[in-house]
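The exercises below concern helix packing and pockets. Work through each task with the model open, then compare with the solution.

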Amino acid sequence: MADAVEGGARRRGRNETEEERADRMWQELIQEVRVAQMGVQILFGFLLTVVFTEKYDDLTDTDQTIYLVTVVLGACATGALIGPVSLHRLVSGRRVKPQAVRLASRLTLLGLVLLLATTTASLLLILRVATHDGFVPYLVAGVVCWYLLCWFVLPLWTRYRHTSE
């Protein structure tokens with residue numbers, strides 16, 4: 001909505017009740033979760049198949065450990081990113097949408113952190129197996145920095161820079 005003049009003072013933002021705001025925020029959150037869910041579910045699905053390949057037996061103990069940690073992280077990320085859907089279904093109609101939105105938002109953020117960890121571990125494993133070179137940790141660290149920049153630093157900077165008190 002455009003700026004509204006109310007009592008001589010300019011007002012920014014939406015003129016909505018707490019429930020209307022919760023409804024809007026819920027819809028926005030669900031759209032965000034759909035994108036993240038698809039990514040984590042595809043990654044997790046591929047991870048589940050690795051153990052059934054012949055190459056798995058050739059992995060070093062370290063690489064098998066990285067693989068197992070990666071699968072567990074992927075399972076946890078999947079759970080956190082599907083959690084908001086279950087939360088909504090179980091509390092729907094109970095008049096707790098504002099609280100549910102806050103909890104679902106936290107679950108989604110946790111899911112993104114776990115997705116970052118899953119992606120990092122996956123990349124580490126793949127590059128270790130593919131290259132056997134000492135530069136792998138540096139390459140993975142660079143990619144993690146890129147994810148941190150895109151997923152957290154820029155959004156937090158935008159929030160800080162453009163949020164009025």
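**Exercise 1.** In which hand, left-handed or right-handed, does helix 3 pass helix 4?

Solution. The model is a predicted one. In it, helix 3 passes helix 4 in a left-handed crossing. Helix 3 covers residues 61-91, and helix 4 covers residues 97-131.

**Exercise 2.** Find the relative direction of helix 3 and helix 4, and describe their contact by residue class.

Solution. Step one: the angle between helix 3 and helix 4 is about 160 degrees, and their axes lie 8 Å apart. Step two: angles over 145 degrees count as roughly antiparallel. Step three: helix 3 is therefore roughly antiparallel to helix 4. Step four: the contact of helix 3 with helix 4 holds 23 nonpolar, nine polar and three charged residues.

**Exercise 3.** Repeat the analysis for helix 1 against helix 3.

Solution. Helix 1 spans residues 18-50. Helix 1 packs on helix 3 at an angle of about 150 degrees, with 9 Å between the axes. The angle is over the cut-off of 145 degrees, so helix 1 runs roughly antiparallel to helix 3. As for hand, helix 1 passes helix 3 in a left-handed crossing.

**Exercise 4.** What span does helix 4 reach, what span is expected, and which residue follows the helix?

Solution. Helix 4 has 35 residues. At 1.5 Å a residue the expected span is 51 Å; from first C-alpha to last, helix 4 reaches 49 Å, which is close to that value. The residue after helix 4 is histidine 132, with a positive phi near 55 degrees.

**Exercise 5.** Describe the largest pocket by volume, lining and residue class.

Solution. The volume of the largest pocket is about 660 Å³. Its lining has 16 residues, and those nearest the centre are Met25, Leu29, Glu32, Val101 and Ser105. Helix 1 and helix 4 are the elements that give two or more residues to this lining. By class, the lining of the largest pocket has seven nonpolar, two polar and seven charged residues.

Key:
Residues numbered from 1 in each chain as written. Predicted model: local features only at pLDDT ≥ 70, side-chain atom pairs only at ≥ 80, totals over all residues. Heavy atoms only, no water. Helix = DSSP H or I, 4+ residues; strand = E, 2+ residues; numbered from the N terminus. Expected span 1.5 Å × (residues − 1). 1 Å grid on protein atoms, 1.4 Å probe; cavity = no way out; pocket = protein on both sides within 12 Å on 5 of 7 lines; lining within 4 Å. Points joined across faces, edges and corners; volume = space filled by probe spheres on them. Nonpolar A, V, L, I, M, F, W, Y, C, P; charged D, E, K, R; others polar. Axes fitted to C-alpha atoms, helices over the stretch in contact; angles between N-to-C directions. Parallel < 35°, antiparallel > 145°, perpendicular 65-115°, else oblique. Left-handed = near helix turned anticlockwise from the far one by under 90°.
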